[in-house]
Amino acid sequence: MEISMTQALFIALTTGLCYSGQLLGIYSNRALVMSFFVGVILNDIPTALTMGAIAELAYMGFGVGAGGTVPPNPVGPGIVGTIMAITLKNQGVTPESALALSFPFAVLFQLVTTVLYSLFAGTTNSAQKLIKEGKFKKFNWLANLTFIGFFITGFAIGFFASVSRPALQSFVEALPKWLINGFSVSGGLIPAIGFAMIMSVMLEKKLTPYVLLGYICAAYLRLPTIAIALAGTVFALITYYENPDTKTVDNFDKKNAKELYHDLSNFAEEDFSDGI
């Protein structure tokens, strides 16, 4: 599948908006969001959503850095991976193998993100200086410089990822079929690693039966994800309503309420003029 220049520009614009949108806290820099828009532009939404969903499963585990570590950037699977999954599926590239092939790009893009943050780290002091000097127009430019820098970088990433599709195709065609199949298997294991990382933090002994039940529903009963989620919701509601600790409000009698009101009234009447 060929990508026209118009499609390349739309992908570049989408990448720029999604990549810079992370500064606004709107979660646009998510693999599923970017994959969807790439699927709309390339007219293959099912493959794009499959790619985005697999990437999101993986990023549920290692998408949040632990301590000082920085996770790979979702632009890798969201843009580059989706382009490969759609345009190279006739060459045997599946969403799973595209996920594995896109992770080097995800690491590279995160390094680019770190460099951008480092370059614009000193703008705060300059912005404060401009405010004191009353140069508000220059302050507006400087305050939005980080966003502009992220947008331009994202635009460049999306554009070069689109126009370099022939190079990606040549690279994939040079790989032996057994290696591409191996990438598909490894890509399918990445979401499992993500879940394992989540469970290593959240799993408690009392929750083990629910984990086993979910595995049975998925592996043996082959229930869809929505059905398993609904079954989990049922057990969550049962646990919530049977746990006496969740009924604190119901057990809070009027006597305790009066005592709390009296204590708050005394606290409000104290003199804090000396700062103590």
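These are my notebook entries on a predicted model.

**Entry 1: the nonpolar core**

I began with the largest nonpolar core, which has 41 residues. Leu42, Val75, Ile79, Ile83, Met84 and Leu99 touch the most other members. I then looked up which elements give two or more residues to this core, and found H1, H2, helix H3 (45-62), helix H4 (75-87), helix H5 (95-119), helix H8 (145-163), helix H9 (165-174) and helix H10 (177-202). As general background, I noted that nonpolar side chains tend to be buried together in soluble globular proteins.

Leaving aside neighbours within four places in sequence, Leu42 is in contact with Met1, Ile3, Gln7, Ile11, Ile86 and Thr87.

**Entry 2: Leu101**

I looked up Leu101, which lies in helix H5. Is Leu101 buried or exposed? Its relative accessibility is 12%, so Leu101 counts as buried. Not counting residues up to four places away in sequence, Leu101 touches Met84, Phe171 and Phe183. I also checked Leu101 against Val80: the two are 21 residues apart along the chain, and their C-alpha atoms are separated by 9.0 Å.

**Entry 3: the two sides of H9**

I next asked which residues of H9 are buried. They are Arg165, Leu168, Gln169 and Val172. Viewed down the axis of H9, these buried residues fall within an arc of 100 degrees, so they line one face of the helix. On the other side of H9, Ala167 and Ala174 are exposed.

**Entry 4: Asn29**

I turned to a loop residue. Asn29 lies between helix H1 (5-21) and helix H2 (31-42). With a relative accessible area of 9%, Asn29 is buried. I listed its contacts, leaving aside neighbours within four places in sequence: Cys18, Tyr19, Gln22, Met34, Asn73, Pro74 and Val75. One of these, Val75, is also among the core residues that touch the most other members.

**Entry 5: salt bridges**

How many salt bridges are there? The count comes to two. In general, side chains of opposite charge can pair when their charged atoms come close.

Glu56 lies in helix H3 and Arg30 in the loop between H1 and H2, so the pair ties together parts that are 26 residues apart in sequence. Glu56 counts as buried at 15% relative accessibility, whereas Arg30 counts as partly exposed at 26%.

Another salt bridge is formed by Asp44 and Lys89, whose closest N and O atoms are 2.7 Å apart. This pair links distant parts of the chain, 45 residues apart: Asp44 is in the loop between H2 and H3, and Lys89 is in the loop between H4 and H5. Asp44 counts as buried at 12% relative accessibility, while Lys89, at 40%, counts as partly exposed.

Finally, I looked up a nonpolar surface patch of about 680 Å². Met199, Leu203, Leu207, Tyr210, Val211, Leu213, Val234, Phe235 and Ile238 make this patch. The elements that give two or more residues to the patch are helix H11 (208-219) and helix H12 (225-242). I took Leu213 as one example from H11. Its relative accessible area is 32%, and Leu213 is therefore partly exposed.

Conventions:
Residues are numbered from 1 along each chain as its sequence is written. This is a predicted model: local features need pLDDT of at least 70, side-chain atom pairs count only at pLDDT 80 or more; totals for chains, interfaces and linings use all residues. Side-chain values use heavy atoms; hydrogens and water are left out. Patches are made of residues with over 30% relative accessible area and no salt bridge: like charges are joined within 9 Å, nonpolar side chains (Val, Leu, Ile, Met, Phe, Trp, Tyr) within 5 Å. Accessible areas come from the Shrake-Rupley method with a 1.4 Å probe; for residues, only the protein chains shown count as cover. A salt bridge is a side-chain nitrogen of Lys or Arg within 4 Å of a carboxyl oxygen of Asp or Glu. Helices (H or I, at least four residues) and strands (E, at least two) are DSSP runs, numbered from the N terminus. Buried means under 20% relative accessible area, exposed over 50%, partly exposed in between (1.4 Å probe, protein chains only). Contact means heavy atoms within 4.5 Å. A nonpolar core is a set of buried Ala, Val, Leu, Ile, Met, Phe, Trp, Tyr and Cys residues joined through side-chain atoms within 4.5 Å. The arc is that of the directions from the helix axis to the C-beta atoms.
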